[in-house]
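Open the structure in your viewer and keep the selection tool at hand. The tour below goes stop by stop.

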There are 2 protein chains.
Amino acid sequence: MPILVYLAGPDVFLPDPQDWAARRRAICAHHGLQGVSPLDDLPDEPAHWAALPEWRRIALRNEAQIARCAAIIANITPFRGPSADVGTAFEIGFARALGRPVFAYSNTAVPFTRRSLDFAAAHGGSIAGPGGVWRDADDLLIERFGLCDNLMLHAAVQESDGALVLPETEAGHGWRDLSVFERCVALAAERLCERPSPAPLAAG
Amino acid sequence: MPILVYLAGPDVFLPDPQDWAARRRAICAHHGLQGVSPLDDLPDEPAHWAALPEWRRIALRNEAQIARCAAIIANITPFRGPSADVGTAFEIGFARALGRPVFAYSNTAVPFTRRSLDFAAAHGGSIAGPGGVWRDADDLLIERFGLCDNLMLHAAVQESDGALVLPETEAGHGWRDLSVFERCVALAAERLCERPSPAPLAAG
C-alpha cells in the first residue's frame, strides 16, 4: 500500500501548477511516499460534486484528499504578508484535527517576529509598550515566541510529532527551490516509512 | 446545558484582551450562547500542561476548547495582509474537520480579489495574463472567485451550513466595532438554539 501525503501550499498558484506538482510528486516517490496534490483527481468523487461551483468542488476535494492521506506536508513560506497562506493554514488545522502528523517547511528562515515587525514598519509603524511588547499601527500585539509563524501552526507540527524544516541561512529561497521541501519529505518518509532515506533528488 | 461557541480571531492581540473577551461573551449570552475565548481557562486541563512552554499550552488549550464547543465564530477581518489571521484559519480548519458549523464575520466588505490586487499593487505590482488571470510580482495567481477570502475558508462556512456576515457597506469597521460580530452571533444562535433571537445588544 502506498503511503499518501497531502502537499499543501500556495504552489497551486504558480503559472505551471501541473508540471510543478509532478516535480513534487517525483521527489515524494523517490523517498517512498505518494504525494497528493490539490490538483489531483479524487478517487470515487461523488457525482453530484460536478454540479457545484468550482470553488466549492476544489474545497471539498482538498478536504477529502487530506482525509485519505497519512500526513500533510505544508509549504508555509510567507504569502502576501508575514504569515503563511490562509488556505494552507486551514488545511494544517484540518489535518491536525484528524490526527495526521503535520510536516511543514518554509523557504525563508527569517523569524516570524522579525517578519511581523518588518511588515508593521512598512504599514504605519510599530510601537514598543510596557514589558517589551510590540504593537502594530492597529494596536495589535506582535507575537514574540521565537517561532516560525503563528503559534497554532508551529504547535501543530510539535504536538503531532511532525517536523519543521527551514533554510540553513536567512537568504530567501523564493518559490522555485525544492531543496527545503525535499528535506521535509525525507523527514516525513523516515517517520512514516520507518526505513532509511535515499540521497536527495532535487538539486540544492 | 449551555451551548458553547468558540470565539476565534486576532482579538486576543488587542491591548485589553480580557475586557474585550468579556464584552464578546456578554453579546453571546444575550443571544443564548456561551462564548468561549482563547483566554478562558480549560476545565480539567491536564496538570502536566503547566510545565509546557506558554505557546504550546495556548495551542493545546485552544484545540481542546474548540473540541468542546458546538460551533466556531471566527473573526476573519484581514490581518497584516489581504487575508485573515492564519491562527484563525487554522482553527476554522480544525473545527471544520471535527464537523462543527463554521460562522465567520469580517469587519470589511471589500472583496478578497480587490484586497489581493491592492496588496499586489503596493508590493511590486500585478500583471494580467491570458484569460484575464491576474498574477502578483512573485508570479502567483490572484484568486477570482468573488469570495470573502481564500476559498477554503469561504467553503467551510458554506459546507457546514454556517453563516458569513459582512458589513453592509465597504467602509471598514476596524477592530473595535462589534455590530457585525453580533449579527453573526444572532445567526449562530438561531441555528444552534432553534428559537427566535432578541434585539441586538451592541450599538451599531
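This is a predicted model: local features need pLDDT of at least 70, side-chain atom pairs count only at pLDDT 80 or more; totals for chains, interfaces and linings use all residues.

**Stop 1**

Select the strands of chain A. Five of them form an open sheet in the order β2-β1-β3-β4-β7, with parallel pairing. As a general point, strands of a sheet pair through backbone hydrogen bonds, either parallel or antiparallel. Which strands stand at the edges? They are β2 (34-36) and β7 (163-165) of chain A; each has a single partner strand, so one side of each is left without a neighbour in the sheet. From one strand to the next, the twist averages 20 degrees.

Now select residues 4-8 and 71-75 of chain A. These are β1 and β3, which run parallel and are joined by four bridges. For one position, pick Val5(A): its bridge partner in β3(A) is Ala71(A).

**Stop 2**

Next, select residues 17-30 of chain A, which form helix α1. This helix lies across β1 and β2 of chain A and runs at about 150 degrees to β2(A).

**Stop 1: helix α5**

How many of the nine residues of α5(A) are buried? Eight are, so α5(A) is largely enclosed by the rest of the structure. Among the buried residues are Leu151(A), Met152(A), His154(A) and Gln158(A). Show both chains for the next view: the buried residues of α5(A) pack against α3, β4 and β7 of chain A, together with α2 (54-68) and α3 (86-97) of chain B. Just after α5(A), click on Asp161(A), which takes a positive phi of about 60 degrees.

**Stop 2: where the chains meet**

Turn to the contact between the chains, which takes 45 residues from chain A and 45 residues from chain B. The largest share, ten residues, comes from α3(A). Coloured by class, this side of chain A has 28 nonpolar, nine polar and eight charged residues.

**Stop 3: the two copies**

The same surface serves both copies, as 100% of the contact residues of chain A recur in chain B.

How values were computed: Residues are numbered from 1 along each chain as its sequence is written. Chains are lettered from A and ligands numbered from 1 in the order in which they are written. Two residues are in contact if their C-beta atoms, placed from the backbone, lie within 7 Å. Helices (H or I, at least four residues) and strands (E, at least two) are DSSP runs, numbered from the N terminus. Ala, Val, Leu, Ile, Met, Phe, Trp, Tyr, Cys and Pro count as nonpolar, Asp, Glu, Lys and Arg as charged, and the others, Gly among them, as polar. Two strands pair if DSSP finds at least two bridges between them. Axes are lines fitted to C-alpha atoms, for helices over the stretch in contact, and angles run from 0 to 180 degrees between N-to-C directions. A residue is buried if 20 or more other C-beta atoms lie within 10 Å of its own, exposed if 12 or fewer, and partly exposed in between; C-beta atoms are placed from the backbone.
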